[in-house]
Amino acid sequence: MIFLYGAFFLSGVSSLLFEVLWIRQVTLRLGSSPVSFAIVSCATILGAGLGVYAFPKRLVIRAKRPFSIPAVAASLFGAGSYCFLQYGQAGLPFLAICAVLSGALVSSVAACWERTAGNGLDRGTGSLFGIHVVGGGVGAAAAGFYLLPGIGLKASGLVALSTTVLSLPLYFRAGESLRPGEEPGAIGALAVRKSKSFLPAFLAGVTGTTGLGAEILWGRWISQMAGSSIYTYFAILVISVVAFGCGCLYAGGGFPSRERGENPFGFTTYSVLSIAYPVTLLSLLVLLAGRNLSPLCLFASAGLSLPLATFLLTTVILFPVLFSSGAFFSLALRWSVPDGLPGYETVFLSNCIGAAAGGLLVPFLFVPALGVGGAVVAVVALNTVPAFFLRSGRPGNRTRAVVLAASAAALSVAAVWLRSHPLYFLLPGTVDAFSKGGGESGGMPPWKGKPSFYKEGAYSTVIVGREGGNAILIVDGKPESNSLRDLPTQKMLGDLPFLVRGEIFRDVLLIGLGSGATLETLLAHPVARVECVEISPEVVAAVEGGLEEKYVRAVRDPRVRVSVRDGRRYLRDNRSKFDLIISQPSNPWVTGASSLFTREAFLAMASSLSPSGAAVVWFQTYGTTATDFLVELETLRSVFPHILAFSFMPGDVIFLCSLMPIKVDLQTMQAAVSAGPHVLQGVSKKTGITDVYSVLGGFFGGIPPAEAGEAPRVPLNTDDKPCLEYRLASTIAEKDPYQAYSVINSPVNLKLLYLEGFSTMLHDRKGDFLVKWGEAMCRIGFARYAEGFFLEALKIQGEKARLVNDLGIVKFEQKNYDESKRLFMRALALDPGNASARENLLSLEKRGP
């Protein structure tokens, strides 16, 4: 028996290994929207169910060597899945075929199990499935946490195929150890209760719906707490699969019988785990949110890393619920095994149909209708149906029926009530992000109790709050836009290409709507058409209904067409050319947005540009090490040979990319700034970006093109090996935004190589220009990088109080306080009336040693 267990466990490992790889490959083709994920998941689940149901069991019944059938099925599944990963371009249909082969493998093993029932095997079919499912959890963990970031998608397919190959000799060895029973096709002694209806299959379908529904809904809240990173996604998947498998194993002994005694899983256990526990958990979350606390913070306070804290939080929330779902599935299998009645095939298919229904109905019907909180309660109410039939395998008595009916009614009322009383305060990630202390202990959310806009939809949960009069756009618990902090970057994403290249761009593609600030900036220029691609319809609704009126006008401008689509898929399907492409998705560690930071995404951008076009790419530096930043820069440079790097707010970098040589033309920039109010529109009042110097203050230099045959300095971020998505997901909590600037900050002499018009200036004019350039960098927050400008100006102008004072500011930012004090004192000696130097010296003295 150990050989059969081992073989089926390995089959489970390879099945989920392949499934994880399938999902990644197909969503890269279909897009990374929730719709794509739901379609792929449901196709996989339904395919497996159909494979189990349609597999001809007579092949096993008539075979002299029945265990050769699973070996053949495993071989076909492994070969087909591997070919799909390596060469398949059929997308979803090929995925469904592979899923059907996976189900056929499961059914062939279960049929062999039936034939050997007379050999003293005293566990139910649910136990066998449990072994397979737990193996699947191991496979999902291996693929998601280790193989994809370590060796890439294609090489991971080889590992999955090798696992399938390893299972083959175990199947043959199991056939040698287990003799076929005398009654092929019958369970015989394992049938503990005779069913006369399709009730077990129906109930298995219900628990399939509630099980996957609970995974989706609680997973959504977990993502809002911990961030929608790849680690969160795989923590939810792995815990859900393992919990379901453990439930199958726990209840594998079946309903109580005279021979086996009382079954440990019954009405009480199911009711506690599926009904009482979720309600208690929801109440606890509400209580913690009322105190501005997050469950994630409790784990983080123990010194755990964010991925580990997320994994533990996911276990606490999801394991009991999915455990009970798996246990009931195992009991339904035992309940339906006698000859002539619905067997495991019907129950398995029904469970898969229910799960697929849950995967589609819960996010696309329940959540828009009831909200996430109401949908959670509705799923719990649905769990009262299976609970009614769980009392020693018999329908419940009248008292229990009344209690369950009353519970279902109360939960239904609560679900409807929560629709008009949304639990938006259950977004601890948002609370943490606006903590007054900047830590993880909490703080008041920006809306002080109630947001100005709130919408829970199939794609995301979006909030618009206000803090000090500034609008804050929050998507799935993560702040995506702050009308004060992010405004310089959002505006310059739209203005910068026109300032550098002139008013030459007519057809523009904007990937990511955000708050609408970048779109509004673009429309201030003489553009003819703007295609705006936004993955979340809830974000579009927020811009139209919860932010500033000028952004509403921008969305409704006749030159604009907003498409709710995945940006990566739009680039792949696009056949037109654009003069300018601006990419401002969410962070590269966010699942879905990460596909817009790979080399293949940049290749798609390049192929969609006109010959003289330009691409503007946003990237983060907060939560990013210098090495991680270099990975993204090298990935970008492998496609675009000519890149200029800008930053107008510490933490945000703007890359202006072109396939042709590009420089900053001072004459063009000055003409653009002087042209009228449409340039730098709305920026100057809040950001101080008013002239050429303040624009140049964000210029960090050009990135030299790679030499012919030059190898990248670091591995590139690709679709096959998305290393950046994993690396940044593990450093989300890092707050220092300055580490990455060492990669792009060029010496002054190299910056000047990309500046047209400087060399023709008069000698004294150059010194004044460098001083103003360096001071502009200081105003933005980059004083530590401005020293070179002042030293060059010092060579031209000599020692002047203004220059020495500026150098003192630089030394202060570099935390060289003694040198800073000396320079401030020297500036006062040169000019006793220098008010700035006097104020700086007083501030330094107040600071103390």
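Start with the cysteines. This is a predicted model, and counting pairs of cysteine sulfur atoms within 2.5 Å as disulfides gives a total of zero. Select Cys-98 to see one case: the nearest cysteine sulfur belongs to Cys-83 and sits 8.7 Å away, so with a 2.5 Å cut-off Cys-98 is in no disulfide.

Is Cys-98 buried or exposed? Its relative accessible area is 1%, which puts Cys-98 in the buried class. Now click Cys-112, which is buried too, with a relative accessible area of 0%.

Next, select helix α4, residues 68-87, and pick out Tyr-82 within that helix. Tyr-82 has a relative accessible area of 17%. Buried means under 20%, so Tyr-82 counts as buried. What does Tyr-82 touch, leaving aside residues up to four places away in sequence? Show Phe-18, Gly-157, Leu-158 and Leu-161 to see those contacts.

Time for some helix pairs. Two packed helices are described by the angle between their axes and the distance between the axes.

Select α6 (residues 125-151) together with α9 (residues 230-250). Their axes come within 7 Å and cross at roughly 165°. Angles over 145 degrees count as roughly antiparallel, which is why α6 and α9 get that label. The crossing of α6 past α9 is left-handed. Colour the contact by residue class and you get 18 nonpolar and seven polar residues, with no charged ones, where α6 meets α9.

For the last stop, go to α32 (residues 801-813) and α34 (residues 835-847). Here the axes come within 10 Å, and the crossing angle is roughly 25°. Angles under 35 degrees count as roughly parallel, so α32 and α34 are roughly parallel to each other. α32 passes α34 in a left-handed crossing.

Which residues make this contact? On the α32 side, show Asn-805, Ile-809 and Phe-812. On the α34 side, show Ser-836, Ala-837, Asn-840, Leu-844 and Arg-847. Sorted by class, the contact of α32 with α34 holds four nonpolar residues, three polar and one charged.

Definitions and conventions
Residues numbered from 1 in each chain as written. Predicted model: local features only at pLDDT ≥ 70, side-chain atom pairs only at ≥ 80, totals over all residues. Heavy atoms only, no water. Buried < 20%, exposed > 50% of the residue type's maximum accessible area, 1.4 Å probe, protein only. Axes fitted to C-alpha atoms, helices over the stretch in contact; angles between N-to-C directions. Helix = DSSP H or I, 4+ residues; strand = E, 2+ residues; numbered from the N terminus. Parallel < 35°, antiparallel > 145°, perpendicular 65-115°, else oblique. Left-handed = near helix turned anticlockwise from the far one by under 90°. Contact = heavy atoms within 4.5 Å. Nonpolar A, V, L, I, M, F, W, Y, C, P; charged D, E, K, R; others polar.
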